[in-house]
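Welcome, and take a moment to look over the sequence and the model. The report below walks through a few of its features in turn.

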Amino acid sequence: LFLKLMDEASEIQAHAGGTIMLPEHLLWKHFQGMGGQAILAYLKDVVWPEMGKKYGDIFGKEFLIESPEILADIVGQLSALNLTSADTDIKGDAFEYFLKNAYQGVSIKDLGEYFTPRNVVRTMVSMVDPKFGEKIYDPFCGTGGFLIESFRYLKLRTKTTDDTDRILRKETIYGSEITSNARIAKMNMILFGDGHANLYRHDSFAHPQTGKFDIIITNPPYSQKTRYGNLYPVPSTSGDAVAMIHCFDALNEGGRACILMKEDFLTEGGDVGAVREYMFKNAKNFSVVSLPRKMFEPYTPTKTSILYFEKKGGRNS
């Protein structure tokens with residue numbers, strides 16, 4: 001799927017007089033007409049090693065499809081499609097479909113963090129209103145939905161030069177994800193124009209950030225436990241509490257955040273309440289947007305809200 005989408009993106013760039021994303025011999029159209037055995041050998045011996053060198057951990061060391069018949073069927077069916085011309089966000093839909101099937105052994109509620117509805121994502125990006133030159137961070141980025149939309153938002157509003165393009169690709173988008181879906185986030189970013197250089201696979205709780213980012217936009221995992229709470233100003237084993245304090249600390253002074261939170265963050269006591277009070281004392285311009293209860297079904301029935309705030313210390317604090 002990734003190779004097919006790269007081929008389509010390269011064709012669009014070529015028609016526009018730009019530079020294609022991959023060398024000709026790695027493009028889909030170069031091998032799609034081969035027989036099954038030849039496609040299998042070419043992907044294993046040529047495409048996979050070169051893509052591994054170019055994109056690192058996105059591509060595994062081994063090509064796992066072993067049946068030439070199955071591979072030929074996959075290539076044939078994808079070749080008949082024009083994915084980038086579809087009205088829907090076909091890339092997100094397709095990756096989401098594969099994720100659901102890849103995680104058949106996992107409770108469906110555990111996948112909720114990856115599938116934030118796209119209308120919610122766009123609303124939250126418009127609330128933080130990114131500006132060129134700002135650093136945007138999602139510490140629980142899943143498959144990259146918030147970062148992709150933020151990148152697209154800026155790309156549409158920025159005059160393209162070599163310098164602005166470099167800043168957008170290399171110095172704007174930051175994120176981390178604890179699961180192997182970090183690979184898919186990187187793939188998504190590459191397909192949407194790059195920006196994958198600062199995406200990492202690790203546990204964000206174990207890597208506190210202090211005053212590094214202008215914007216935090218995220219959907220944290222809910223009802224988790226962590227052993228890294230002692231690294232934060234309000235120590236806790238509650239993932240709900242630590243996720244919020246991680247986001248708050250990562251903002252620079254005057255930075256703004258938009259976080260999709262469990263609605264009981266506003267009323268819960270204990271560690272969550274202590275974090276809430278800490279944030280309320282040190283931030284300003286709070287806004288809460290309450291979302292419909294069934295917004296995340298079937299993944300979770302949890303009632304959620306969007307929390308927007310700005311960290312004190314910037315202008316007019």
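## A first tour of the model

Helices α10 and α11 are roughly parallel to each other, a label that covers angles under 35 degrees. This is a predicted model, in which local features need pLDDT of at least 70, side-chain atom pairs count only at pLDDT 80 or more, and totals for chains, interfaces and linings use all residues. Residues are numbered from 1 along each chain as its sequence is written, and side-chain values use heavy atoms, leaving out hydrogens and water.

Let us stay with this pair. Helix α10 spans residues 239-250 and helix α11 residues 270-282; they pack at an angle of about 20 degrees, and their axes lie 8 Å apart. Axes here are lines fitted to C-alpha atoms, for helices over the stretch in contact, with angles from 0 to 180 degrees between N-to-C directions. On the α10 side, D240, A241, M244, I245, F248 and D249 meet D271, V272, V275, Y278, M279 and N282 of α11, where contact means heavy atoms within 4.5 Å. Sorted by class, that contact has eight nonpolar, one polar and three charged residues.

Now step back to the whole protein, which has 11 helices and seven strands. These are DSSP runs, H or I over at least four residues for helices and E over at least two for strands, numbered from the N terminus. Of its 317 residues, 50% are buried (under 20% relative accessible area; exposed is over 50%, and partly exposed lies in between, with a 1.4 Å probe and protein chains only). Among contacts with a separation of 6 or more, 71% join residues 24 or more positions apart.

The buried residues of α1 include F2, L3, L5 and M6, along with K4, D7 and E8. After α1 comes G17, with a positive phi near 85 degrees.

Which backbone angles stand out elsewhere? Most residues other than glycine have a negative phi.

Definitions and conventions
Parallel < 35°, antiparallel > 145°, perpendicular 65-115°, else oblique. Nonpolar A, V, L, I, M, F, W, Y, C, P; charged D, E, K, R; others polar.
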